[in-house]
Amino acid sequence: MKLHLLTFLLLSSTFFWLTAQQNDSIPKRILFTQAVKGNAPQIDGDISDACWEQVEWSGNYQQFEPYNSEAPTQETKLKILYDAKNLYLAFRCYDDEPDKIERRMSRRDGFPGDWVEINIDSYHDLRSAFSFSISASGVKGDEFISNDGNNWDANWNPIWYAKTQVDEEGWTAEIKIPLSQLRFGEAEEYVWGIQSTRRFFRKQERDTWQPIRLNEPGWVSRFGELHGIKDIKQQRQVEIQPYISAQRASFTAEEGNPFATGSDGRITAGLDGRIGVTSDLTLDFTVNPDFGQVEADPGALNLNGFQIFFSERRPFFIENRNIFNYSITEAEAGGNFNSDGLFYSRRIGGAPHRRIHSDPDENYFVDRPDNTTILGAAKFSGKTENGLSIGILESITQREMATIDVLGERTEEVVEPLTNFFVGRVQQDFRGGNTVVGGMLTAVNRDLNNDPELAFLHESAYSGGLDVVHRWKDNQWVFTGKMLWSRVNGSTEAIQSTQEAFEHLFQRPDAEHLEIDTTANSLMGTGGTFKIANYGGDWIFETGMTWRSPELELNDIGFLVNTDELNYFFWGARRWTKPNKTFRRFQWNYNHWSRWDFSGKNLYRAVNTNAHQQWANFWSSGGGITYENLDISKNALRGGPLLRRPNGFGINAYLNTDSRKKVQFGLNTFQGLSQNNIVRVQSYGGYIQLQPTNAMSVNISPSFDRYQRQEQYVTQLEFEGDKRYINARVDQQTISLTIRLNYNITPDLTIQYYGQPFISRGRYQDFNKTTATPLGKTFEDRFTLFEAITYDSETEEYSVDDNYDRAFDYSFSNPDFNFIQFRSNLVLRWEYVPGSELFLVWSQGANASGDPNRGLTRSLSENLFGDNARNVFLVKATYRFLR
C-alpha cells in the first residue's frame with residue numbers, strides 16, 4: 001500500500017509539469033582567430049600592438065540580464081590571437097562615462113566592480129570549461145566550470161597574465177593564457193567552445209558574446225565556437241612548487257605541565273607539484289603539505305547529535321574537487337541528507353580518533369597531536385578527448401603517538417594508526433555529453449598493528465557507486481540515478497560500535513527490523529537516489545527519492561548524517577525573469593517531503609512555499625513558510641524508542657540592499673514554533689558591507705540564535721532493569737560576530753583579516769523522563785516531570801527519587817554549559833610572480849568555559865581573550881617553477 005502511495009505521489013507531482021517547452025535553439029556564433037605574425041602583444045592593457053590588426057573585432061554582445069536578449073547599454077568587443085605557447089585576448093569595453101567605471105579591488109576571485117570574462121571549452125565536451133576574468137582594477141579571477149555550468153570552482157588557480165587600462169573611450173584589457181593551463185586533444189585544426197561575459201556594474205547588467213536565454217538550462221553547452229587554431233602541440237604541464245615555513249606559537253604556561261611551557265616553534269618544508277602525464281591528464285602531488293595560512297573553521301555547537309559539516313579549506317584538496325564529488329543527492333529537497341557523500345576530504349588529516357586527556361591532579365600530562373600528519377598525497381585527474389573523465393586520489397597519513405608524562409617519566413601511546421586513503425572516480429560522456437555514465441570507488445586501510453587500544457576502529461572501509469545523468473530535449477529534461485554501497489571490516493567490538501553509533505542505532509527497542517549482531521566483523525549497506533527534473537522555461541520542477549539502508553556506513557572517508565530512511569521529495573517553481581516596474585526578477589517555489597524508515601513507518605511530512613525577488617531598486621528579499629505535520633525522531637533518545645515531536649511552523653525572511661553601493665546591509669530571520677510552545681526557535685542575522693575606498697572592504701556579520709525545547713535529551717540511565725531517558729527544558733542562546741577585512745595594496749598584494757568571537761550558553765530546567773508511550777499525541781502522554789529532584793552545587797549533580805520512597809535512586813551531572821571561542825587570522829599575501837606567493841600570518845585562538853548563570857555579553861567579554869589564548873606567527877614562502 002505504501003509503495004502504491006509513493007508511486008502515486010511521484011506521478012501526480014510530475015504530471016502538471018510535463019508541458020512542452022520551447023526548443024528553438026539560438027544559433028552558435030563563430031569567432032575566427034589567427035596565429036601571431038611577428039611580435040606577440042605586450043601584456044600591459046594597451047591594445048595598440050601591431051599584431052592586433054591581424055584580426056577583426058567581434059562584438060554584438062547581448063544582455064543576459066536584466067533585459068535578456070536586448071541590446072547592451074555599452075558596447076563590448078573581443079579579439080583572440082595565439083602562438084605555439086599562448087592564447088592572447090584583447091577586450092575593448094566602451095563606456096560613455098569612463099570616470100564612473102567601478103575600479104574596486106579585492107582578493108583574487110573577488111570579482112569586484114566592472115569586469116570582463118572569457119570561458120574556454122578547450123575539451124569541447126559541452127560540459128566543462130576554463131574561466132578567466134579581469135576587473136577594471138586589475139584583479140584576476142579564475143574558475144573551473146563543470147557539470148554544464150552548475151559548478152564553478154574558484155579554487156582552481158592557473159598561471160596567466162592580464163593588465164587593464166582606462167581611457168577616454170572606456171577601458172581595455174589584455175590577457176595571456178599559457179596553453180599549458182588548458183586541456184585539449186590532438187587535431188589538425190581545433191574547434192573550441194567560447195563564451196565571453198561583461199559585467200557593467202552601474203546598471204547591474206551582464207552581457208554575453210554568445211546570446212543565451214535566461215531560462216535555458218545549461219551554460220557550457222550554449223557556448224559559441226572559436227575556429228582557426230592549428231599547428232599547435234599539446235602542452236604537457238610541469239609545475240613544481242616547493243615551500244618553506246617557520247612558525248612560532250605563544251600561549252600561557254601551565255604550572256607542572258612539561259608540554260605547556262608557554263611557547264614552541266618549528267620549521268617545515270614541503271613540495272607541491274603538477275606533471276602533465278599527457279596533454280589532458282595531470283598528476284598533482286604534495287609531500288608534507290602545510291596548511292598554516294588556512295582560515296579557521298567558524299564556531300558551531302548543536303544539541304541534536306548530528307555531525308557538523310565543515311567546508312574544505314586546504315588548497316590541495318579543494319582544487320579540482322568537482323572531479324571527486326559524489327553526493328548521494330543534489331536535490332532541492334532540503335534536509336540533513338544533502339551533505340552526504342562518498343568522499344569528504346576533511347577525513348584525511350583530521351584529529352586522531354583515540355582521545356587521551358591530561359589529569360593535572362594526578363600529575364598526568366598528555367601531549368597529543370591536534371591533527372594527523374599527511375605524509376603525502378597525489379591526484380591523477382583529467383579528461384581525455386574521447387570524453388573519459390578520470391580522478392584518482394591517494395593519501396597516506398602518519399601513525400600518531402601521544403606522549404605521556406608522569407612526574408618526569410615519559411611513555412608513548414598510539415592514538416592513530418598509519419592509514420591509506422584511496423578515491424577513484426570515472427565518468428564517460430555519450431551523445432555529446434548529454435548522457436554521462438560514471439562510477440566511484442573509495443578505500444580506507446588502517447595498519448592497526450595489533451594495537452588493542454585501536455580495536456574500536458575499522459581495519460578497512462570500502463564504498464562505491466554507479467551513476468548516470470541523462471539529458472534530452474535540448475538539456476531541459478534531466479534524469480539522474482545513483483546507486484552506492486559500503487562495507488566496513490574490523491573487530492567485533494568495532495562493528496558493534498558502528499551498529500550502535502548515532503547514525504545507525506540498531507539497539508532501538510522498537511526497531512523490530514534491526515538487530516545487533518555481536519559476532520559480526522563486517523557490515524554492508526546500500527543507498528542511492530533517483531530523480532527526474534525539468535529546468536527549461538518558466539515552470540521548472542524536480543522530484544524523486546533517496547534512500548540509505550540501516551547498514552550504510554561512509555564516515556571513514558565520506559560524510560553520512562543518518563541511515564535507515566527513504567525520502568521522497570518534490571520541488572517546483574515558477575520564475576519571472578523579464579523586469580517590470582516593480583521587479584527585476586521574481587521566483588515562487590513549492591516543496592513537499594516525506595520520509596519512511598525501512599520498516600515502512602512514516603516518520604516525517606512537511607510542505608513549504610517560498611518566494612524570492614529582486615526589486616526595481618536592486619534590493620532583494622524573500623521568505624517562506626514550512627509546516628511540519630509529522631515528525632517522529634529515531635535519534636532524539638540516542639538509541640531509545642521512536643519519539644514523536646510536535647507539529648509546527650517555520651517562517652524565514654531576508655532583505656538585502658543594493659549590492660552596488662559602497663554601504664550595503666542585509667537582514668535575515670527564522671522563527672519556528674511548535675504546538676503548545678514545546679519548541680521555539682528564533683534566529684536573527686545580518687551583515688553590513690563597507691567599501692570606504694576602492695582598495696578596502698569590510699564585512700561585519702552578527703547573529704543571535706535562541707533555541708528552546710521542553711524535550712531536549714540529557715542522558716540515559718538504568719533503573720530497576722529499565723532504561724530511563726532523561727530530558728529537560730533547554731534554553732540555548734548563541735551569539736557570534738564575524739568580521740572580514742580586505743585591503744589591496746596592489747591587485748597581487750593584499751592584507752586579509754578574519755575574526756569571529758562565538759559564545760553559546762545552554763541552561764536546563766524542568767527535568768523529565770520519557771513515558772512508556774513516546775509516540776503519544778500530547779507532551780503529557782510522552783513525558784513525566786520529575787517531582788522529587790534535588791541539585792547539589794558542590795558535586796554539580798542532580799539526584800532523583802524515581803519511585804518516591806524518599807531515597808535517591810540515581811543521579812546525573814548538570815548539563816548546563818557556556819562555551820566561548822575566538823578565532824582570527826591576519827594574513828599578508830603577496831603573489832610576487834604569478835603562481836608564487838609569500839604569506840605572513842598571525843592567527844589567534846582561544847576556548848573557554850564560562851559560568852552558565854552569567855549574561856552572554858558579560859561572559860563573552862570576561863573570557864574572550866582569556867589566559868588560554870594561543871598566538872601563532874607564521875612565515876611561508878612558495879615558488880612555482882613552470883615549464
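Modeller: A pocket here is an open set of points on a 1 Å grid over the protein atoms alone, where a 1.4 Å probe fits, with protein on both sides within 12 Å along at least five of seven lines, and its lining residues have an atom within 4 Å of a point. This is a predicted model, in which local features need pLDDT of at least 70 and side-chain atom pairs count only at pLDDT 80 or more, while totals for chains, interfaces and linings use all residues. Residues are numbered from 1 along each chain as its sequence is written, and side-chain values use heavy atoms, without hydrogens and water.

The second largest pocket holds about 300 Å³ of space, a volume being the space filled by probe spheres set on the grid points, which are joined across faces, edges and corners. Its lining has 15 residues, and those closest to the centre are K140, Y161, A162, K163 and D748. Two strands (DSSP runs of E, at least two residues, numbered from the N terminus), β10 (161-167) and β44 (817-833), each supply at least two lining residues, and β10 gives the largest share, with four. By class, eight lining residues are nonpolar, two polar and five charged, where Asp, Glu, Lys and Arg count as charged, Ala, Val, Leu, Ile, Met, Phe, Trp, Tyr, Cys and Pro as nonpolar, and the others, Gly among them, as polar.

Turning to the charged pairs, the structure holds 44 salt bridges (a side-chain nitrogen of Lys or Arg within 4 Å of a carboxyl oxygen of Asp or Glu). In one of them R585 meets E65, with the closest N and O atoms 3.9 Å apart. Because R585 belongs to strand β30 (residues 583-596) and E65 to strand β3 (residues 62-65), this pair ties together parts that are 520 residues apart in sequence.

K230 and E189 also join in a salt bridge, at 3.9 Å from N to O, and this pair links strand β14 (residues 224-230), which holds K230, to strand β12 (residues 189-200), which holds E189, 41 residues apart. K230, at 37% relative accessibility, is partly exposed, and E189, at 44%, is partly exposed as well (buried is under 20% relative accessible area, exposed over 50%, partly exposed in between, with a 1.4 Å probe and protein chains only). R645 and E711, by contrast, are both buried. Beyond such pairs, R108, D142, R829, E831 and E837 are linked in a network of salt bridges.
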